[in-house]
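Welcome! Please take a moment to look over the chain before you start, then try each exercise and compare your work with the solution.

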Amino acid sequence: MADRILDASGLRCPMPLLKTKLELNGMNAGQELEVIATDSGSARDIPAWLGMSSHTLVSQSEHHGEFRFVIKCGG
């Protein structure tokens with residue numbers, strides 16, 4: 001179970017990514033954030049950004065146009 005959940009459903013690119021960044025900035029290392037988004041660009045943007053950050057993508061899934069990401073906050 002994630003420590004926090006960010007529901008970015010209905011938001012268009014780049015807002016899901018920006019809100020994810022802001023939420024992670026307020027979290028401690030090791031905590032997990034679950035992000036829910038409906039913008040298909042999130043499936044590309046969030047993992048790409050995480051690859052350049054200290055955070056870790058734990059899981060990613062898509063079901064009926066809803067994208068879910070579980071992210072471990074880095075140091």
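This is a predicted model: local features need pLDDT of at least 70, side-chain atom pairs count only at pLDDT 80 or more; totals for chains, interfaces and linings use all residues.

Residues are numbered from 1 along each chain as its sequence is written, and side-chain values use heavy atoms, with hydrogens and water left out.

**Exercise 1. Describe the fold of the chain in terms of helices and strands.**

Step one: count the elements, taking helices (H or I, at least four residues) and strands (E, at least two) as DSSP runs numbered from the N terminus. The chain has two helices and four strands.
Step two: read along the sequence, and the pattern is β-α-β-α-β-β.

**Exercise 2. Work out whether the radius of gyration fits a compact globule.**

Step one: the radius is taken over C-alpha atoms, and the globule rule is 2.2 Å times the number of residues to the power 0.38.
Step two: for 75 residues a compact globule would have a value near 11 Å, and the chain agrees because its own value is 11 Å.
Step three: for the extent, the C-alpha trace spans about 30 × 25 × 15 Å along its principal axes.

**Exercise 3. Find the buried side of helix 2 and what covers it.**

Step one: use the cut-offs, where buried means under 20% relative accessible area, exposed over 50% and partly exposed in between (1.4 Å probe, protein chains only). In helix 2, residues 42-50, the buried ones are S42, D45, I46, W49 and L50.
Step two: these residues lie on the same side of helix 2, because they cover an arc of only 125 degrees around the axis, judged by the directions from the helix axis to the C-beta atoms.
Step three: their cover includes helix 1 (15-25), strand 2 (32-37), strand 3 (56-63) and strand 4 (66-72).
Step four: take D45, which counts as buried because its relative accessible area is 18%. Beyond its neighbours within four places in sequence, D45 is in contact (heavy atoms within 4.5 Å) with C13 and L17.

**Exercise 4. Which residues of the largest nonpolar core touch the most other members?**

Step one: a nonpolar core is a set of buried Ala, Val, Leu, Ile, Met, Phe, Trp, Tyr and Cys residues joined through side-chain atoms within 4.5 Å.
Step two: among the 13 residues of this core, the answer is L24, L33, V35, I46, F69 and I71. Helix 1, strand 2, helix 2 and strand 4 each give two or more residues to the core.
Step three: look at I71, whose contacts outside four places in sequence include L24, L33, V35 and I46.
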